[in-house]
Amino acid sequence: MSKLAFFLDLTDWPCLVAGGSALCAERSRDLLEAGAILSCWSEDFSEGFNKLVANYRDQISLIRGRLDTTLLSHMLKSQQGPRLVVLATDEPELDLALWQVCEAHSVPACLPERPGRLDFGHTIDRGALRMAVSAETAPEVEEMLGRRMERELSRDWIEGSEAYAALRNSEAIKARHPDLRDPELRELAAALLDCNGRFAAARIRTERRLGKEFNG
């Protein structure tokens with residue numbers, strides 16, 4: 001297997017979108033929601049970009065112009081260059097050429113060819129619990145597996161993930177020093193897996209292993 005899928009923390013990452021279509025606006029929204037700092041290149045932008053500029057004024061820049069391989073290569077060499085690139089121009093051959101430039105510089109790039117979110121897979125979204133199923137070059141398998149997982153996803157996992165997220169983001173936990181907080185949260189997450197999503201049981205197990213109450 002030559003390609004692996006990763007979940008990335010894009011907060012404050014410089015990212016680039018080549019293209020101004022409605023599809024590009026959707027991809028741009030996904031990146032902005034994830035906290036990315038976005039540069040969008042196109043000779044013309046769809047209406048969706050106006051809303052993005054209004055809602056994410058400090059995160060997005062619209063650059064009217066055609067992005068070519070020489071310019072992209074120059075940007076990727078810069079320390080401030082994009083760390084993730086989305087390619088969806090009106091020129092498939094240009095997209096492929098730009099993708100090859102990204103590959104040469106070891107910068108992740110995607111060619112979004114169908115509607116959907118930027119997770120490259122069928123998304124199961126339950127608030128605090130979000131998962132993606134990806135089957136490379138086989139969207140029908142991706143859809144089938146995703147729907148199967150949606151049917152079998154237990155209520156325990158939904159409630160457990162929400163409870164874990166609430167605890168993790170509580171002010172009491174945030175105030176603790178990372179050397180104390182992070183190992184405890186990893187212990188709790190491991191216990192949540194062992195307890196099949198049952199948060200109360202995972203918390204009791206964690207407190208017993210730590211020898212103290214998990215305050216928060």
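Is L145 buried, exposed or partly exposed? I looked up L145 in this predicted model and found 39% relative accessibility, so I put L145 down as partly exposed. The value falls between the cut-offs of 20% for buried and 50% for exposed.

I placed L145 in helix α5, which covers residues 139-152.

Entry on aromatic rings. I searched for ring pairs and my count came to one aromatic pair. F45 and F49 make up the pair, with ring centres 5.0 Å apart. Their planes stand at 65 degrees, so I filed the pair as edge-to-face; the cut-off for that class is over 60 degrees. I also checked the cover of each ring residue. F45 has a relative accessible area of 11% and is buried. F49 is at 0% and counts as buried too.

Entry on cysteines. How many disulfides does the count give? I got zero. For C24, I found the nearest cysteine sulfur to be that of C40, 8.0 Å away. C110 is in no disulfide either, and its nearest cysteine sulfur belongs to C24, at 9.6 Å. On accessibility, I recorded C24 as buried with a relative accessible area of 0%. C110 is at 5% and counts as buried.

Definitions and conventions: Residues are numbered from 1 along each chain as its sequence is written. This is a predicted model: local features need pLDDT of at least 70, side-chain atom pairs count only at pLDDT 80 or more; totals for chains, interfaces and linings use all residues. Side-chain values use heavy atoms; hydrogens and water are left out. Helices (H or I, at least four residues) and strands (E, at least two) are DSSP runs, numbered from the N terminus. Buried means under 20% relative accessible area, exposed over 50%, partly exposed in between (1.4 Å probe, protein chains only). Rings of Phe, Tyr and Trp (its six-membered ring) pair if their centres lie within 6.5 Å; planes under 30 degrees apart count as stacked, over 60 as edge-to-face and the rest as tilted. A disulfide is a pair of cysteine sulfur atoms within 2.5 Å.
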